[in-house]
Amino acid sequence: MERRKQQSRKRRRDPSSHGDSIDRLSELPDSLLTHILSFLLTRDSVRTSVLGQRWRYLWTYVPNLDFTWVNLDFIETAMLLHNKLQKINTFRLDLREEYERFNEHLLQSWVTSATDRNVQNLHLTAFDTRVFPSQSFFTCKTLVHLTLDSCEVCRPVCLPRLKKLHLFYPEFGDDESLTQLISGCPVLEELLIEEPFTDMSSCIISSPTIKRVTLNFDGTGNRFNILKMNTPALDYLEIADRLPLHFEFGQLTSLTEATINLFEYVVQEDYFLYSRSLLGFIDRLCIVKCLKLDLSNCKGIIDSVLSAWTTKFRNLAELELTADCRFLPKFLENADNLKILIFSEVC
């Protein structure tokens with residue numbers, strides 16, 4: 001009799017036995033379950049409400065709201081039901097599929113609700129730069145990471161805790177908009193600007209805290225003629241753009257890695273000016289340890305650049321070079337510590 005009781009208890013403990021399966025997920029505390037749900041899109045998190053009475057409102061305590069590829073009706077209902085006392089860690093709103101039905105009042109209320117509840121990570125994707133009422137989030141005191149896709153950059157800006165700023169297809173009112181945006185982010189560490197809608201005659205970036213900068217104007221007809229950077233803490237620099245006429249850099253003593261892809265697109269009369277500009281820029285990269293350099297679209301000024309080349313790369317250990325083969329010996333002669341070389345010849 002005692003042996004049969006022991007076997008029965010063993011079967012109950014063993015989930016692989018033929019008895020009823022054990023629901024270990026429901027044994028977890030609510031705090032852990034809401035943490036698990038925070039990794040899901042909000043539409044999937046809401047679907048768990050059908051699992052049982054305990055799950056019915058559990059999703060309303062999830063600190064992350066991700067409204068990607070959902071309609072406005074779903075967003076409105078979810079925002080009404082979500083616990084107003086629950087702080088929001090991440091708020092993601094993608095309206096590319098609802099461009100015919102957007103309601104400015106609703107958008108204002110949703111974004112304001114997120115900022116009022118101490119949102120730290122805000123990601124907004126629109127279909128038009130006029131959609132989002134930008135003043136509501138450019139003065140948010142709790143933001144740490146802000147990503148804007150197809151949004152207008154407005155003033156004033158006061159983001160005292162912002163460390164990451166990613167701007168895809170932004171619209172700047174003027175050249176001063178970027179300068180004032182950066183000045184309103186006193187602890188900013190990472191800046192990405194990709195394919196702005198508006199022309200920028202100059203791109204000026206000045207910050208004592210920025211460590212990573214990515215400027216990708218590759219896919220637009222826009223360009224800037226002047227690039228000025230005063231970023232002494234800069235560790236990583238990535239640029240994909242037409243070759244600016246004027247580069248001006250402050251101290252780059254912390255720079256260790258750079259990815260550069262420049263396009264010429266200049267008339268022959270300006271070859272000399274642009275070749276000097278390119279040489280001056282390359283010289284500022286002399287301290288990097290890792291360099292990816294694509295000069296395949298600068299064919300017109302190659303001869304001028306090669307004839308005046310004097311830059312030495314004393315720290316360079318890794319080089320990925322796409323250029324005329326005549327550039328290769330220049331690097332081999334002037335990079336004594338080079339260990340890894342990937343070369344793609346351009347004819």
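I started with β1 and β2 (residues 90-94), which pair in the parallel sense over 4 bridges. For my own notes, strands are DSSP runs of E of at least two residues, helices are runs of H or I of at least four, and both are numbered from the N terminus. Two strands count as paired if DSSP finds at least two bridges between them.

I'm looking at a predicted model, where local features need pLDDT of at least 70, side-chain atom pairs count only at pLDDT 80 or more, and totals for chains, interfaces and linings use all residues. Residues are numbered from 1 along each chain as its sequence is written, and side-chain values use heavy atoms, with hydrogens and water left out.

Next I looked up which residue in β2 is the bridge partner of D66. That is R92.

Then I traced the sheet: an open one of 12 strands, in the order β1-β2-β3-β4-β6-β8-β10-β12-β14-β15-β16-β17, with parallel pairing. β1 (64-67) and β17 (340-345) are at the edges with a single partner strand each, so one side of each has no neighbour in the sheet.

Helices came next. I found α4 (residues 72-81) lying across β1 and β2, at about 165° to β1. Contact here means heavy atoms within 4.5 Å, and angles run from 0 to 180 degrees between N-to-C directions, with axes fitted to C-alpha atoms (for helices, over the stretch in contact). Helix α9 (residues 327-334) lies across β15, β16 and β17, at about 160° to β16.

Last, I checked the open sheet of 3 strands, order β9-β11-β13, also with parallel pairing. β9 and β11 (residues 226-230) pair over 5 bridges, and I204 stands opposite K228 in β11.
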